[in-house]
Structure formats: structure tokens, C-alpha cells
Amino acid sequence: MIVSWNWLKEYVDLDMPLDELTDRLTMSGLNLEDVEELAGDHAIDLEVTSNRPDCLGHIGVAREIGTLYRRPIRIPAAEVPTVATKTSELTSVDIECTDLCPQYVARIIRGVKIGPSPDWLKERLEAIGVAPVNNVVDVTNFVLMECGQPLHAFDFDKLEGNRIVVRRARKGEKIVAIDHKEYELPEETCVIADENNPVAIGGVMGGASTEIEDGTVNVLIEVANFQPLSVHHTARMLKLQSPSSYRFERGVNVQQLDWASRRCCELILQTAGGELLDEPVIAGGIPDWNPEPITLRFAQVSRILGIEVPPAECISILERLQLKQAGEATDESAAFIPPPWRRDLTREIDLIEEVARIHGYDQIPEDRAIPVVAATASLQDRVSEKVRQVLTGAGFCEAMTMSFITPPMAGMFTPHPDAAQLEVTPAAGEYGSLLRQTLVPSLLVCRRDNERNGNLNAELYEMARVFLAANPDDPATQPRRLAFVSGRSFAEMRGIVDAIATRLDRDAKVTLKPSDIPQFIEGRGAELFLNGKACGWMGELDRDGALKDLKLREAVTAVELDMQVLTEAADLFPTLRPLPQYPAVSRDLNFILDDEVTWERLEEVVREAGGEFLESVRFVEQYRGKHIPAGKKSYVLSVSYRAGDRTLTGEEVDAAQQQVIQSCEQQLSAALR
């Protein structure tokens, strides 16, 4: 924001050195970028943060100066004479999209004479880098830079039907803006239209068809409030930035709309003549400003700032900032209502920041002791760290990807086919507009990019949120997931899943069931269960199906787990168990079974039949093919036995082993191979 030294003098007395003023403004939050010396003036370039749109005008900066130097502010009264004819007799304003434009104020001035602006007006605009155009346009720019409220002047006689309609753009509508470039308007764009056609892009730029020219006689002055997000999207989609859009994106002071309209009319009457019609047309109405009081506890000021600021000084600073005290102050606290131009003040910490910056950050000593409290990692953080240790030890690298994906990416892996796909607009550039429901597609794209750069078999993992519904208050709609991809086999990836589970709980049990996720190769996908609770999916992905367009050169197996289930199962502080004192005895078994018999069922039968000495059952391999009848398969498993008080004899192990064989034959029709 560039302000003129001479222009500021109209609102506040400036008898201090320029260097001193810019230093104090910098220390209070308006950082000095540059000062340019002009003929009899200085242009001061200040950096205004996005939460302070009130300082995007000379009056706002003058308020800051008045607060810092305890000086009164002079704001023009904007009193304008009117004629008997009412504005509503000549025009009307209809807002068809109140969500994009809640308020609109229209005034009409008849009989203006367009010409060059007076010297004082030209000097003010030229000092801040705005080129003069004519007296009416220059006044709208002047008021914009005076108070931060964008305005626009229409040639009233060029409005078809002599009316204003605020609506969404229709499909295929175009407009030639005052920069004399044609723009095709997206359907969600807020436009200002006459009876038939758009005449301005709401909050961004006016149209050439109704701009003020030498022959203009009657002028309609627009002052409106456009929804910030709508203006931001429009300016971005059209690649059309303007001083108006910059201010609307940050929010305007709605209580100032009528004043800005009157101020504009006052200056037009002074510089271009004419007569102002009585009673403006106000569509949408100006809402009252009745925010809830904010309580400031004086003890919190010293606790947070580390210095003592007397309660009387806190109250004085906030009142100089034109916050109104609500009720009586006590020794412990006081409540304040912020002015309408400070909508960023909503919490106690905001008031403390105001006290700090006006009292002076330089008053806080550099060597002030800061109380330090040791932080304790949450269970979720500790579980995440354990998972990272397992995956890093297994050779995986952590990836960080965007939450946005494109529609083709969404089809790469669909574990939630019934969940509605969330979309945001506008799209996040090349990253897409869909919020991902799974982490796997993002990791697959990373793996593809690694392949294209010569880094084959990139083994990647990520822990992040996915988005299943637009309800952030319900944690189940935004679960935190762990996903990892590799070229390893299904069995190897199952081993990594087991390693993660047992790292979190040494007694954890991972089981699998066939999965119907269509992107898995048939027969090579599974749902995962941890201690009987569903926790995710894993499987080998079909590169010739939904992943065909990725053109992956190598096979890929993907795993995705629910971090909440892992966290709930975690037992990170297990009790001590003494190491076995006696050796285990292992025996291998090779069964021929029906295809329908799963490994989980076989393991269950073996554990039930193994007796008190059974220690573990481990899968070795599965085989189908030569020497195995059709509809059959072979499972090789290793069974371990151990006693806690002695070494088992061969007879004891043989008896237990025989019991296992008999149970498998009876319950599963197994044949020992």
C-alpha cells in the first residue's frame, strides 16, 4: 500500500520526522518497503498484512498514526445535498445471488460534465502511482485509496433498462472489460448486469460498454460488498487482478458502504457538477455491527508478553484503537467491542497482540527468561514413530504428497466405492480438484515419476489424512492412513505388515480375507484385520487395468492401513517375559487341501490340535501344479513346540504332531503329502 505524506496530513497532524514515523509504523506491524521522494511530497510504500484490510487506505494508516502518537483523526463528514427526485424513481437494484453479493448501494448523479480533474486530485493520485483519467473516474480511485472501499461509476444512460441486476454469469457469457480485453465468464462468476447483459465483473473490474466517457451526462455510483472467496476465484480464473479485487479478497467494512458512496458523490459534485438524487437504493440492507465483547485478562498480558503492562495502559491502548469498553473494568479484566473495520479482532490473544504492538515490541527485553515445559509425545505420535522405524528399517522412504488428486488418479484404487467424492473449486492446478479417499494413487504416481527418472523400484510410504465426507467434526470422515508401495511380493509385504503389528503389540495377530477391490490382480488382494478388527487392504495391483495409463515398468504391491486401528491396538510398554530356557522343536508338514481351505482355517485347526506345547505355526509356501490334483493345493507349514520347564522328548513331539495330522484329516479332509 503506497500512501502520500501530504495526503495523510488531511486526516492526522504529521509534525514528526518522516524517518521516525516509518520506524514506528514498522514496529507496529506496517513494515516499510520504500520511500520515494517526490516534488513537495513523499510516497511511502507500506507492507500491509492480509488480516489488516483497514490499512489499505489513507484513513486506515492515519488511524494507526493517531493511535501511536495519541492524536485525533479527521474523517470527512461526506454530507451531500440532494434534489427531490428519488433514486428509486429512475433505477432499481435486484440481487439474485446474495451469497456472492450481500449488499449493494446505488446513487445517481445527473448532469455531470466530464473533464480533467483539478490539480489537487491529480497530484494525490499521481503521488501513489495512479494515472488520472477524468474527474469522475479519478474520484472513484481517490475514494478507493482514501478509505479502502472499491467503487465503480457507470454511464447510467448506457444501462439497458436503466437497472442493475446482480447475478451469476450465464453459460457462454462474455464481457469486454475496461482494459478492453474480452473475457469468457465462468458460470459461478458474480456479474453486475443491466436488463440483458453483464456490464461489470463483480468485485474485479467494470465493463467497457458502460465506462465513463467524454459524453457521459448521468452517472450511477456503485458501492457494494462482494464475497471474498468469490472474488478470489474469479480473479484467479480470469487471471485478472485489480486494486478492487485485492481489497475485496481481504474483506471490506460493510458499515462504511454508505459513507463511501456519499463521499464519492460529494467529490463528483465538486469536480464535475451535477445534482444528486435523493435516497440511495440499498439492496440487501446494511447489517448492524453487534459483535460479542472480548474479555482481556490483564494477567494474560504479562504471561504472554513476558513484561508488565499496567491495566490502565492496556485499556488506554485499546480505546485509542477505538475499541469500546463493554461494562466496567475490574482489577482482573475488562471487555471490549472492536470497531467494524477491525473484524480480525475476535479473541483475547488478538487484543494482547494489539497491546504489544502499540506498547512497542522494543519494550520486550531480548534476554527475558522464557518458561519451558517439557512436551510429552501423544500415543499417536509414538505409534507413528514406531511405524516409521519399521518401514525405514525395511528400506522404505517417506513421501509427502498433495491431498488433491485428479479424476484419473481417483480411479487407480477405489477401496470406498460408495463414498461420495469430495471436490473443491477452483482446482489446485495440476494437482486436481478431488480430495483423495486413499493414499495409494499419490504413491503410485510418485513411483511412476521415479521410474521415469531412472530410480527403479522406489519403495515409498506416507502417513496422512484421507477425506471420505465433508464433516470435519466427525473424525471417521477424515481418517489418518498409512500406505506403502513396493515391487516386493505379496508374502514379503505381508511380512512387513506383521512386523508393524508386532512392533506395536507383540501379541498382535494379523489375519486376511479375500478382497473385492477391482484394482488387485484376481486372487492376490486381501482385506487386513488386526486382532479381528478391519484395518486396511493389501495386494498386487493390476498394471494392465486401471493403472494402464501410468505405464509402470515394474510390478507393484500396495498396502493401506488405518492408523486409528493401529493406535488402538498399540501396547508400547509390555511387561517383561523371561527368555525361554529350553530349546524348541520344529516339524514341517505338507498337506494337500481343497482350494476352498484358507491358510487362516488351516492355522486355526493346527493351533486347536497342537496341545499345550505348541508355540508357533508358520506359513512356508503354497503350491499348485504338477503332481497336485485339480481343485487342490499344497500348503507347507512349520510347527514349533516348546516346554517351559524342560526339553521335550521326541515321543512328546510325535504325539502332538500326530494329533495335528489327525485333526487336519478329519476337519479339513487334508492328505499328508
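Reading burial, helix packing and backbone angles

Q: Is Leu552 buried or exposed, and what relative accessible area does Leu552 have?
A: Leu552 has a relative accessible area of 9% and is therefore buried, since the cut-off for that class is under 20%. The model is a predicted one, and the value is computed from its coordinates.

Q: Where along the chain is Leu552 found, and which residues beyond its sequence neighbours does Leu552 contact?
A: Leu552 belongs to the loop that runs between strand 26 (533-541) and strand 27 (557-562). Once the neighbours within four places in sequence are set aside, Leu552 is in contact with Leu444, Arg448 and Glu451, and also with Arg543 and Leu547.

Q: How many disulfides does the model contain?
A: A disulfide is a covalent bond between the sulfur atoms of two cysteines. The test asks for a pair of cysteine sulfur atoms within 2.5 Å, and by this rule the count is zero. Cys147 shows why: the closest cysteine sulfur, that of Cys264, is 9.6 Å from its own, which is too far for a bond.

Q: At what angle do helix 5 and helix 8 pack, and how far apart are their axes?
A: Helix 5 (residues 135-147) packs with helix 8 (residues 257-272) at an angle of about 140°, the axes being 9 Å apart, and the crossing of the two is right-handed. On the side of helix 5 the contact includes Val136, Val139, Phe142, Val143 and Cys147, and on the side of helix 8 it includes Trp259, Cys264, Leu267 and Ile268. By class, the residues of this contact divide into 11 nonpolar, three polar and two charged.

Q: Which residues make the contact between helix 6 and helix 7, and how are these helices oriented?
A: Helix 6 (residues 228-238) and helix 7 (residues 243-250) pack at about 140°, with 7 Å between their axes. The two helices are therefore oblique to each other, because an angle has to be over 145 degrees to count as roughly antiparallel. Helix 6 passes helix 7 in a left-handed crossing. Pro228, Val231, His232 and Ala235 of helix 6 make the contact with Ser245, Phe248 and Glu249 of helix 7, a set made up of four nonpolar, two polar and one charged residues.

Q: What is the phi of His180, and what is that of Asn531?
A: Most residues other than glycine have a negative phi. His180, which is not a glycine, has a positive phi of about 60°; this residue lies in the loop between strand 8 (174-176) and strand 9 (182-184) and counts as exposed at 55% relative accessibility. Asn531 likewise has a positive phi, near 55°, and is found in the loop between strand 25 (520-530) and strand 26, where Asn531 is partly exposed with a relative accessible area of 42%.

Technical notes: Residues are numbered from 1 along each chain as its sequence is written. This is a predicted model: local features need pLDDT of at least 70, side-chain atom pairs count only at pLDDT 80 or more; totals for chains, interfaces and linings use all residues. Side-chain values use heavy atoms; hydrogens and water are left out. Axes are lines fitted to C-alpha atoms, for helices over the stretch in contact, and angles run from 0 to 180 degrees between N-to-C directions. Helices (H or I, at least four residues) and strands (E, at least two) are DSSP runs, numbered from the N terminus. Angles under 35 degrees count as roughly parallel, over 145 as roughly antiparallel, 65 to 115 as roughly perpendicular and the rest as oblique. A crossing is left-handed if the near helix is turned anticlockwise from the far one by less than a right angle, and right-handed if clockwise. Contact means heavy atoms within 4.5 Å. Ala, Val, Leu, Ile, Met, Phe, Trp, Tyr, Cys and Pro count as nonpolar, Asp, Glu, Lys and Arg as charged, and the others, Gly among them, as polar. Buried means under 20% relative accessible area, exposed over 50%, partly exposed in between (1.4 Å probe, protein chains only).
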